Amino acid sequence: MKGARIFRTIQVKLIIIYVLLILIGMQLIGVYFISTMKTSLMESFTNNLNEQANILTKFVEQTLSPSPQNANMTDEQTIEDLRDIVSTLFSINEAEIQVLDASGKVLTTSMQSHQSYVGRKNTTLAVSRALQGIRDNEQEMIGEDNVRKKVVAKPAFYEGKIIGAVYIVASMNELFETINRVNGIFMSGMLIALGLTGILSVLLAHTITNPIKGLTRHATQVAEGRFDQQVPVHGDDEIGQLSEAFNEMTSRLQEALSANEEEKEKLASILTNMSDGVIATDEHGIVVVTNRRAREMLDIETGDGVSLTELLGLSEERMAQLRGPSEQVIMIRKEAPEYEHDYTMRVTFTPIHRRDKSASGTIVVLQDVTEQEKLEQSRREFVANVSHELRTPLTTIKSYAEALEDGALQEKELGERFVGVIRTEVERMIRLVTDLLHLSRLDSSQAPLRRQETDIAEMLEEVADRFSFQLRQKAIIADVRIADEITPVWLDRDQIDQVLDNLVSNAIKYTVDGGHIELSAWMTGADSISISVKDTGIGIPKKDLSRIFDRFYRVDKARSRNMGGTGLGLSIAREIIKAHGGTIALESEWNEGTIVTFTLPTLQERGAAE
């Protein structure tokens, strides 16, 4: 594996490419050169043989021709002359020369070892062609000694008649030895050239691959987040330009990542601090992102990896409808524990689209609309209660007025009783409208506080005195308990008196004869005071405690209305205490009694004036 990995490197590939290019070039040059040289040597060798064969043919024609000058020569003299010509004038290295007569019989040969051929016919194809008058007779052959030889046969003519032939067989050993020596020299040169090429290619490849290796190292560092590294630029060539481009890319990538991180932190901060819950899912409906508010609203530690169907408690069919191509909104109501309001959420489903318009996920926004629902419900109840509270006395007034108009006015005693009922109902309506106006001014902050220094003990004693008659009527004992550390407090005496009157009045109404009421005041710190009204009355059921301060809310509606209550007293008390910057709370047990406590800040004269 390691060896195979080496051949994958650019440096080795470049070296191999260079060496292969040189090798292929040398081979092409060598093939062309050797082929051309071989052809040239062969042509030279053949031409030389042909020239010598032509010259020898001339001598043979003169010797064998029946001319007058040869008339006195015997056959032995003729053969002797031919032998002298062949052995002395035409001695060719490693070549055999034969002179043949017109019948193809060997007259003489230049090789002593082949003297036995004299007198025999030479039946080779070249000789046969020559004796037929064909001049160009050449062929190559491999002799008995396994040596490549060149054969040339030329006819000898006298007055147009063939009188003999010349047959030459020349060894081509020297020719091929020369070619082999040239091949050896060429191969040695090629090996030397390849060696030098290998060395030079290593050096050249090193100059190319070193900057690439540097770029690779820096690219790895950039991938690891180290953007402070710069690639050195060694020149203006392509690698230098690549290095400059890489450095520029690194700088821009660092800027882009910094901007991306900044945007990511902004987005994370926005998601974390949003008052609405946000859930993001993938295309399969699996939750990938939840912000803190969403986890709080759904009461989960983490929602990542959970299906949205399971998280919101919806069916698969309903979820498939909500994950449509357009935005959809539903309301989800979570059941609350006993005596608490249900939890209501507005859930908005918005699909996330890719560039190809296919859905890649869903953004779910959770909005807590519990308070809005409560306010809307309170508004509806308020309108209904006001209408009901006004309709009852108006109906009574109308019926009694009609009775008076029909003749009851003529009877003095009955008319006075009807007029008294009408007066009572009108006074009740006046109280209701007065309380509504007061509550409206408190809601709109149009009832400014007129603070004054107030003695708490004196104020509580006066409250007890104001209700002394009602207390005696029901034989209720009222105690006032003031802590020793109580100091005068700056507050709006009239409004706090209204709060205390309402609380004491309620305590008297709902406390049975012979009961007990206690008014207490104590310091709850260096800058606050608490005042409570405690009774031993019938108390309030737990289911009604959470709504006891709501407007027009009555525990026993029929009994409260008969007692002259408007259902706004505790609401007005709460708004007055809030205007003073305090808090009010109510504790009660059914058939055991009720404690209402409100806490006010203790302000100095300067702070109260402000």
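Strands E15 (residues 528–535) and E17 (residues 593–601) run antiparallel and are joined by 8 bridges. This pairing belongs to a predicted model. Within the pair, Lys534 stands opposite Ile595 in E17. E17 also has a partner in strand E16 (residues 583–589), to which 7 bridges join it, again in the antiparallel sense. Here Ile584 has Phe598 of E17 as its bridge partner. E16 and E17 form a hairpin with 3 residues between the strands, and in this hairpin Asn591 takes a positive phi near 65 degrees.

Is Ser530 buried or exposed? Its relative accessibility is 3%, so Ser530 counts as buried, the cut-off for that class being under 20%. The side chain of Ser530 makes a polar contact with the side chain of Thr599, at 3.0 Å. Leaving aside neighbours within four places in sequence, Ser530 is also in contact with Ser520, Ala521, Trp522, Thr524, Thr597 and Phe598.

Another part of the chain holds an open sheet. Its 5 strands follow the order E2-E1-E5-E4-E3, and their pairing is antiparallel. Strand E2 (106–109) and strand E3 (138–142) stand at the edges with a single partner strand each, so one side of each has no neighbour in the sheet. On average, and with direction ignored, neighbouring strands of this sheet are turned by 25 degrees against each other. The partner of E3 is strand E4 (residues 148–158), and the two pair in the antiparallel sense over 5 bridges. In this pairing, Glu138 stands opposite Val152 in E4.

Strand E4 also contains Lys150. With a relative accessible area of 8%, Lys150 is buried. Which residues does Lys150 touch, not counting those up to four places away in sequence? They are Phe45, Thr46, Leu49, Glu138, Gln139, Glu140, Ile168, Val169, Ala170 and Met172. Thr46 is 104 residues away from Lys150 along the chain, yet the C-alpha atoms of the two are separated by 7.8 Å.

Two helices come next. Helix H5 (173–223) has 51 residues, which at 1.5 Å a residue should span 75 Å; its end C-alpha atoms are 70 Å apart, which agrees. H5 has a kink of about 30 degrees at Thr207, shortly before the proline Pro211. After H5 comes Gly225, whose phi is positive, near 95 degrees.

Helix H6 (residues 238–273) can be checked in the same way: its 36 residues should span 52 Å, and its end C-alpha atoms are 51 Å apart, which agrees. The buried residues of H6 are Ile239, Gly240, Ser243, Phe246, Asn247, Thr250 and Leu271. An α-helix has 3.6 residues a turn, so residues three or four places apart point the same way. That spacing can be compared with the numbering of Ile239, Ser243, Phe246 and Thr250, which are among the buried residues of H6. What covers the buried residues of H6 includes helix H5, strand E6 (277–282) and strand E7 (287–290).

The whole chain can now be summarised. The protein chain has 18 helices and 17 strands. Of its 610 residues, 36% are buried. Among contacts with a separation of 6 or more, 58% are between residues 24 or more positions apart.

Terms used. Residues numbered from 1 in each chain as written. Predicted model: local features only at pLDDT ≥ 70, side-chain atom pairs only at ≥ 80, totals over all residues. Heavy atoms only, no water. Pairing = 2+ DSSP bridges. Helix = DSSP H or I, 4+ residues; strand = E, 2+ residues; numbered from the N terminus. Axes fitted to C-alpha atoms, helices over the stretch in contact; angles between N-to-C directions. Expected span 1.5 Å × (residues − 1). Buried < 20%, exposed > 50% of the residue type's maximum accessible area, 1.4 Å probe, protein only. Contact = heavy atoms within 4.5 Å. Bend = angle between axes of the 7 residues up to and from the residue. Polar contact = N/O pair within 3.5 Å; in protein donor to acceptor, adjacent residues only side chain to side chain.
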